[in-house]
Amino acid sequence: MSEQHTQYDSIENALRKINGLLQEARIGGFDILHEDVGERLNPGDVYDAYIDIDRAPSSEEELGSARCGPFAAIFLQRFPSGDSSNWQNYIGQTFDARYVKGFRQGFLLTLPEIFAAGETHYFRGLYDGVMAHAAVY
């Protein structure tokens, strides 16, 4: 995977970039969108979570009283009366770590410059993160 990442200033530019990365992967023989990464999130999951928990979305990985990050929102929706101190453990046990890393970067609209073979879990998360960002914001 490229060490070069770029922060995109608009969802339109991020979508253009992620579509380019998907095409690059397909040319290389990888279909990221059909990659089995175990449990994954779609934009609707994240959007619905924020609606249900009545908190503002944040790109920061936090669990604040008025706002929180996307995985924290998912946890709060699934376990509204659960012990919130366990939310990071829950995410770590539920989702592939490479997928989570990609999702978080995609949600921040921070995308790698090139596709690298062998990082399909990461890129699947990246794609889902960009799409969730678009749905939520």
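How far apart are the mean positions of the positive and negative charges of the protein chain? The mean positions of the 11 positive and 20 negative charges are 2 Å apart. Lys and Arg count as positive and Asp and Glu as negative, while His and the chain ends are not counted; each charge is placed at NZ of Lys, CZ of Arg, CG of Asp or CD of Glu.

The model is predicted, with local features requiring pLDDT of at least 70 and side-chain atom pairs pLDDT 80 or more, whereas totals for chains, interfaces and linings use all residues. Residues are numbered from 1 along each chain as its sequence is written, and side-chain values use heavy atoms, without hydrogens and water.

**View 1. Overall fold of the protein chain.** The protein chain has six helices and four strands, in the order β-α-α-β-β-α-α-α-β-α along the sequence. Helices (H or I, at least four residues) and strands (E, at least two) are DSSP runs numbered from the N terminus. The C-alpha trace spans about 45 × 30 × 25 Å along its principal axes. Of the 137 residues, 42% count as buried; buried means under 20% relative accessible area, exposed over 50% and partly exposed in between, with a 1.4 Å probe and protein chains only.

**View 2. The phenylalanine 103 and phenylalanine 107 pair.** Twelve aromatic pairs occur in the structure. Phenylalanine 103 and phenylalanine 107 make a stacked pair, at 6.3 Å centre to centre with 10° between the planes. Rings of Phe, Tyr and Trp (its six-membered ring) pair if their centres lie within 6.5 Å; planes under 30 degrees apart count as stacked, over 60 as edge-to-face and the rest as tilted. The two phenylalanines are separated by about one helical turn because they are four residues apart in helix α5 (residues 97–107). An α-helix has 3.6 residues a turn, so residues three or four places apart point the same way. Both phenylalanine 103 and phenylalanine 107 are buried.

**View 3. Phenylalanine 107 and tyrosine 137.** Phenylalanine 107 counts as buried because its relative accessibility is 1%. Its ring and that of tyrosine 137 form a tilted pair, since the centres are 5.8 Å apart and the planes are at 50°. Phenylalanine 107 is in helix α5 and tyrosine 137 in the segment after α6 (120–136), so this pair ties together parts that are 30 residues apart in sequence. Ring pairs link Phe71, Phe95, Tyr99, Phe103, Phe107 and Tyr137 into a cluster.

View 4. Serine 59 sits in the loop between β2 (56–57) and β3. With a relative accessible area of 34%, serine 59 is partly exposed. Neighbours within four places in sequence aside, serine 59 is in contact (heavy atoms within 4.5 Å) with Phe107, Leu108 and Tyr137. Serine 59 and arginine 104 are 45 residues apart in sequence but 8.0 Å apart in space, C-alpha to C-alpha.

**View 5. Helix α3 and its cover.** Helix α3 (residues 70–78) is mostly covered, with seven of its nine residues buried. The buried residues are Pro70, Phe71, Ala72, Ala73, Ile74, Phe75 and Leu76. Their cover includes α2 (43–53), β3 (67–68), α4 (87–94) and α5.

**View 6. Histidine 121 in helix α6.** Histidine 121 lies in helix α6 and, at 15% relative accessibility, counts as buried. Apart from neighbours within four places in sequence, histidine 121 is in contact with Glu35, Asp36, Val37, Asp96, Arg98 and Tyr99.
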